[in-house]
Amino acid sequence: MKRYSWVRLEPQEKQVSLLAGAINVSHPLARALCNRGITTFEEAKTFFRPSISQLSSPFLLQNMERAAERVIAALNNHEKILLYGDYDVDGTTGTALLCLFLREQGAEVFYYINDRFTEGYGLSSEGIAYAEKSGVSLIITIDCGIRAGEAIERCAQAGIDVIVCDHHEPDELPPAFAILNPKVPECTYPFRELCGCAVAFRLVQAVAERLGAGEESWKQYLDLVAIATAADMVSLEKENRILVNEGLKRIRISPRKSLSGMLSVMGIDAGTMTMYHIAFGLAPRINAAGRMHSAHLAVEWLLAATETGALETAQALDRMNLERREIDTAIFSRADRMIEGHFASYCSSIVLYDEEWHLGVLGIVASRMLEKYYLPTVIMGSMNGMIKGSVRSVEGINIYEVLQECSDHLVQFGGHNQAAGITLRPEDLAGFRKKFDNICAALLPADKRQKELVIDSSLQLEEITANFMNVLDQFAPYGFGNREPVFETSAVVLVGRPRLLKEKHVKFSVRDGNGRLFDVIGFDRKDVFQILDADPGIRFSMAYSLEKRSWNNREQWQLRLKDLDAGKSVS
């Protein structure tokens, strides 16, 4: 009956009580904090009041002094600088950030972003040829480069220095002039989970400091860092929490022209901007450029200097995103139809291939398949005689390590713990599929194949007060590494009848002991509607998050249903 396996976290009650007393919050909220490793007054203060002053010095990044000095030398000597970015949100925002900053310093700066389909990921031979032809003497990579040893060696031979700003896991380090990456083995930077744009941002900070520029010279780019951090699914804790929090503030108060144009297209008021709007609004539209045509359009949108230019490019990105949605919906439907035949031979993973599938949307389809079936997923298409694919993983399986074990079947692979990209030869597909499934079978026993729903605390509806909600609001921004708190309430009885919205969403009401009514909304939970509609007197437990809503200038609280566990009917 439950869609998920409920995991109830149980922090030490003594610790919960001490924290609740120290910061004057209810026990359910204190439990949610303890579940996030926050157990003292000072830790809570840092969590609830993230400040840019809490960031570590950018010079703690290995090679930062060397990198900053090289950039300043390029500025002083009027050298041509090429920014080499990846084609996703992280790469394009980081490219725009560095471009805007360096132009402000008077630099002659260009940018290059690979064609996803003809060049693939990383520093390409075409990109290096462009740098050589343009007379560039310094390349700064953004969100790529850490595994581009051969390409960077070619740059060195051509007299071009390369500064790598990346955050991917390294293998053998490339012969770059300077490598800025918190995941480099000998780097002692205290936070490893910066995205590529954030690494570029730290370089901007370092250069600004050495130039004696004011803080606003780098703070003005916090909005771009926030978008990249949210979109790239890096952990929203510690420094990333600070960067996103500060960036969202800037967007809400004074959005740059490009963002104003896009928010206008989306019909969003900048003052209400949240992580949701980045993840499901901005990020898909930025990514659509690289997925469907060229990521250059996304950078041009971010660099737009006029309101008219910003609006026109925003509208173009919006049209591309609509095109992308049509294509990935069609591919998902086709992939879903292939599942039954695939499971006949392989039951611990999903590895699907169709030579006609559009490479630009494979990652989206893989994520949707993962959400539906909760198995490690590989979705692949074809280009130039090679198979290329996107990989997504379930919690607890490091997909990068799995791919390392499959490397004898792969031409190339790279990525993170939860997501990766691969290239292989057609003749290696069967061997890869079999080995990938065998490894996943060993790592994913039957009892781990139901997605877990982590519950922070039990909660009585009577405990939901204005003060409770005000404190809960300060847990945001939510995302990977800082999930939204989830609560459980038992012995709940339906008030009235449930409603089915758009044939897939359920909405119903419950009442607390004081007679207050709460609306409950469950997205894509037609199954819950069917349960409650069949037996309106049933008693049930529900797991949910909480959100504020405004209606007729009145503040209301709504319960967003995550899952429901039905029991016996009320007599």
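This is a predicted model: local features need pLDDT of at least 70, side-chain atom pairs count only at pLDDT 80 or more; totals for chains, interfaces and linings use all residues.
## Aromatic pairs

A pair of aromatic rings is described by the distance of the centres and the angle of the planes. The model contains 12 aromatic pairs. In one of these pairs, the ring centres of F48 and F475 are 5.6 Å apart and the planes meet at 70°, so the arrangement is edge-to-face. F48 belongs to helix α3 (residues 41-48), whereas F475 is in the loop between α19 (466-473) and β14 (487-501); the contact therefore ties together parts that are 427 residues apart in sequence. Both partners are buried: F48 has a relative accessibility of 14%, and F475 has a relative accessible area of 0%.

A further pair is formed by Y112 and Y130, with 5.4 Å from centre to centre and 35° between the planes, and this pair is classed as tilted. The two tyrosines are 18 residues apart and link distant parts of the chain, Y112 being in strand β3 (residues 108-113) and Y130 in helix α6 (residues 125-133). With a relative accessibility of 12%, Y112 falls below the 20% limit and therefore counts as buried. Y130, with a relative accessible area of 31%, is partly exposed.

## An aromatic cluster and charges over rings

F48 and F475 also belong to one aromatic cluster together with F47. The ring of F47 has a charged group over it: the charged end of R241 sits 3.7 Å from the ring centre. A contact of this kind is also found at F413, where the charged end of R147 sits over the ring at 5.4 Å from its centre.

The largest cavity holds about 40 Å³ of space. Its lining consists of V71, L98, F101, L102, I140, L203, V204 and V207. In terms of residue class, the lining comprises 8 nonpolar residues, with no polar and no charged ones.

Two helices, α5 (89-104) and α8 (196-211), each supply at least two residues of this lining. The lining residue I140 is also part of strand β4, which is described next.

Strand β4 (residues 138-142) has 5 of its 5 residues buried, so the strand is largely enclosed by the rest of the structure. In a regular strand the side chains alternate between the two faces of the sheet. In β4, L138, I140 and I142 point one way, while I139 and T141 point the other way; all of these residues are buried.

Strand β2 (residues 80-85) runs parallel to β4 and is joined to it by 5 bridges. Within this pairing, T141 of β4 is the bridge partner of Y84. Strand β5 (residues 161-165) also pairs with β4 in the parallel sense, again over 5 bridges. Here I140 stands opposite I163 of β5.

## Backbone features

Most residues other than glycine have a negative phi, and most peptide bonds are trans. The peptide bond from A476 to P477 is cis, with omega near 5°. P477 is located in the loop between α19 and β14, the loop that also contains F475.

Positive phi values occur at N63 and K502, neither of which is glycine. For N63, phi is near 75°, and the residue is situated in the loop between α3 and α4 (64-76). N63 has a relative accessibility of 31% and so counts as partly exposed. For K502, phi is about 55°, and the residue is in the loop between β14 and β15 (505-511). With a relative accessible area of 73%, K502 lies over the 50% limit and is therefore exposed.

## Glycine 261

G261 is part of helix α12 (residues 257-266). The relative accessibility of G261 is 7%, so this residue counts as buried. Between the C-alpha atoms of G261 and D318 the distance is 11 Å, and the two residues are 57 residues apart in sequence.

Key. Residues are numbered from 1 along each chain as its sequence is written. Side-chain values use heavy atoms; hydrogens and water are left out. Rings of Phe, Tyr and Trp (its six-membered ring) pair if their centres lie within 6.5 Å; planes under 30 degrees apart count as stacked, over 60 as edge-to-face and the rest as tilted. Helices (H or I, at least four residues) and strands (E, at least two) are DSSP runs, numbered from the N terminus. Buried means under 20% relative accessible area, exposed over 50%, partly exposed in between (1.4 Å probe, protein chains only). A charge sits over a ring if NZ of Lys or CZ of Arg is within 6 Å of the ring centre and within 35 degrees of the ring normal. On a 1 Å grid over the protein atoms alone, a cavity is a set of points where a 1.4 Å probe fits but cannot get out, and a pocket is an open set with protein on both sides within 12 Å along at least five of seven lines; lining residues have an atom within 4 Å of a point. Grid points are joined across faces, edges and corners, and a volume is the space filled by probe spheres set on the points. Ala, Val, Leu, Ile, Met, Phe, Trp, Tyr, Cys and Pro count as nonpolar, Asp, Glu, Lys and Arg as charged, and the others, Gly among them, as polar. Two strands pair if DSSP finds at least two bridges between them.
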